[in-house]
Amino acid sequence: MIGLLKRDVMLAMRAGGGFGLALAFFLIVVVLVPFGVGPEREVLARIAPGVLWLGALLACLLSLDRLFATDYEDGSLDLLATAPVPLEGVVLTKALAHWITTGLPLTIVAPLLGALLNLPGEAAGALVLTLLVGTPALSVLGAFGAALTVGLKRGGLLLSLLVLPLYVPTLIFGADAVRRASDGLTATTPMLLLGLITLGTVAIVPFAAAGALRVNLR
Amino acid sequence: MTTPLLSLTDVACTRGGLRILEGVTFDLLAGEALILRGPNGSGKTTLLRTIAGLQPPESGTIAAEPECIAYAAHADGIKSTLSVAENLEFWAGLFGTASIDEALAAFDLAALRSRRAQSLSAGQKRRLGLARLLVTGRRIWALDEPTVSLDQSAVSLFAERVRRHLDDGGAALVATHIDLGLDARTLDVSEFKPARVATGAFDESFL
Amino acid sequence: MHLTDRVMMPLFVVAGLALVVGIGWGFFFTPDDFRQGSTVKIIYLHVPTAMMAINAWAMMLVASLVWLIRRHHVSALAAKAAAPVGVTMTLIALFTGAVWGQPMWGTWWEWDPRLTSFLILFLFYLGYIALWSAVENPDTAADLTSFMCLIGSVFAVLSRYAVLFWNQGLHQGATLSLDKDENISDVFWVPLLISMAGFVLLFIALVLLRTRSEIRLRRVQAIEMRERVA
């Protein structure tokens, strides 16, 4: 399992910039927003939590369609499925690798981009914390979507259509917690709910994803 | 009478909703190799995938010890940005075996160990794919066209490894068209073509 | 199949009758609401379709479970058949809601929890239908969409509560409940009930019809495949 994690992270790093791509995408989205809505600092500060969360979410989505597809095409997935490891574990490990190469770096740079959008300093902590708690759920749900669409020729667009509605609760609680923090309110409730969703997702969804993979390998 | 390592009884397989094999019955003993033959599309790959557990048989039973089959397909599952040694170490780690040196030596890959897999030739990649079998440490090898893109000397190298594997009490199930010079039984898959044209379970229930 | 042959026609007739009576009565023979005026009459479309939108998904969930557990083929096809009907109901509910909301709230669309939940449900329907049409092998497609339906159901419910948390809305509370005290008055209630029964029957009839066509499609495919091989 650790070997698989190491391999996936290594592959992501060697193949075309790994961390870089998602981060650059996140940066571009955040930079484009002021061009769209105008440079007023108050407006930007108000929408910053939502924009940052949305940007991180879309950046996560970006690399999902290759999560299982490369392994499917070069035969590794067949071999992984016959290896002495449970497929549920493979799914979880690959989701973790995806999180390490996208969710985690996004979380780390988010406060910097928050400064660009005039997000109040007090909310930066909440932003990091919500992303840290919420992005694993995005990766696991994405792995489910990737498992559903792995056998399809043009799975990318369908993947987004399937996965994005599943992201709604995470987005709502994540952005809401940051918004509350930036208004100077306590954000404990949405934060707890966000954590609950992530825990539940990590506990249940890998089984469905592994089931979908098995079906697609038949 | 030794118990067989692998035993198929009246197995039927489907591909793309169409039943292509039925009544497949054979035993595979330790130290024995079985060559699967048959024209393209006769179901050799489907049978091997079914035996490897990647798809359920439509009917019949496949009896084998759990996790004793190493499957090698057309695709080798090699990551082009990893080196030869890294590729092999990954699989060795996954199957819980220690050393990759012997496997590298067996397929004459030791000199290439730190080369990136993307710079390997097709034959070298194939040899790497076959070396993976050795690090799985499993007793039954289920091989799908293992000699594709291998040259003459690599084929004899491979045949030699299979023989060693059989001597060590392993078994092999090989779908191939060339003569490996093994002392092996041959099974013609086209014998198991369904007499009556039948469709798979999903369609069958609608007829 | 044989049973449904005989049931189909009467079912459509009764459904049509109930709809005509319910909606007709509702539209033409009920007094205007003292606050909402005649706009209240859209309730005879809005409430039943909204109800069926949710029930259709629930039916798909049950059918998916039956397929996953019992491998009953017709069940998979019934789930497939119900999705387009469900999505149409959702669209009608959203549309009538907008038309009703305009004079009432002064806006076509409001990010109210109920409306938003329905929009999300609509997205789930779209994904489900798209997945069915993208996967070629029917067995595979049935399995994958069932997984999708299962996980989707959990997250649809989660979204419902998340949205409630996110914005408390304008939408009035449930119009109907078994507790008679808080219900709307009988004048509206009876035609609404008939109209709802009509929509339920219409839904059943449509799903049966579509399931039958799906089954026949599968037969055609099976026969074609057999001929190609033979």
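View 1. At 37% relative accessibility, B:E160 is partly exposed. Buried means under 20% relative accessible area, exposed means over 50%, and partly exposed lies in between (1.4 Å probe, protein chains only). B:R163 is also partly exposed, at 34%. The two side chains form a salt bridge, 3.4 Å from N to O. A salt bridge is a side-chain nitrogen of Lys or Arg within 4 Å of a carboxyl oxygen of Asp or Glu. Both residues belong to helix 5 (residues 152–167) of chain B; they are three residues apart, so about one helical turn separates them. Helices (H or I, at least four residues) and strands (E, at least two) are DSSP runs, numbered from the N terminus.

This is a predicted model: local features need pLDDT of at least 70, side-chain atom pairs count only at pLDDT 80 or more, and totals for chains, interfaces and linings use all residues. Residues are numbered from 1 along each chain as its sequence is written, chains are lettered from A and ligands numbered from 1 in the order in which they are written, and side-chain values use heavy atoms, with hydrogens and water left out.

**View 2. A salt bridge joins C:K80 and C:E214.** Their side chains meet at 3.2 Å, N to O. C:K80 lies in helix 3 (residues 73–105) of chain C and C:E214 in helix 6 (residues 186–229), so the pair ties together parts that are 134 residues apart in sequence. C:K80 is partly exposed, at 26% relative accessibility. C:E214 is buried, at 11%.

**View 3. B:R49 and A:D78 form a salt bridge between chains.** The closest N and O atoms are 2.9 Å apart. The pair runs from helix 1 (residues 44–52) of chain B, which holds B:R49, to helix 5 (residues 76–82) of chain A, which holds A:D78. B:R49 and A:D78 are both buried. Over all chains, the structure holds 12 salt bridges.

**View 4. C:W57 and C:Y125 make an aromatic pair.** Across all chains, a search of the whole structure finds four aromatic pairs. In this one, the ring centres of C:W57 and C:Y125 are 5.2 Å apart and the planes are at 80 degrees, so the pair is edge-to-face. C:W57 sits in helix 2 (residues 43–70) of chain C and C:Y125 in helix 4 (residues 113–134), 68 residues apart. Both C:W57 and C:Y125 are buried. Together with C:F124 and C:Y128, they form one aromatic cluster. Rings of Phe, Tyr and Trp (its six-membered ring) pair if their centres lie within 6.5 Å; planes under 30 degrees apart count as stacked, over 60 as edge-to-face and the rest as tilted.

**View 5. Arginines lie over tryptophan rings in chains B and C**. B:R132 lies over the face of B:W91, at 5.6 Å from the ring centre. C:R71 lies over the face of C:W67, at 4.2 Å from the ring centre. A charge sits over a ring if NZ of Lys or CZ of Arg is within 6 Å of the ring centre and within 35 degrees of the ring normal.

**View 6. B:T81 is a buried loop residue**. The loop runs between strand 5 (69–72) and helix 2 (84–95) of chain B. B:T81 counts as buried, at 13% relative accessibility. Leaving out residues up to four places away in sequence, B:T81 touches A:L11, A:R14, B:R116 and B:Q118. Contact means heavy atoms within 4.5 Å.
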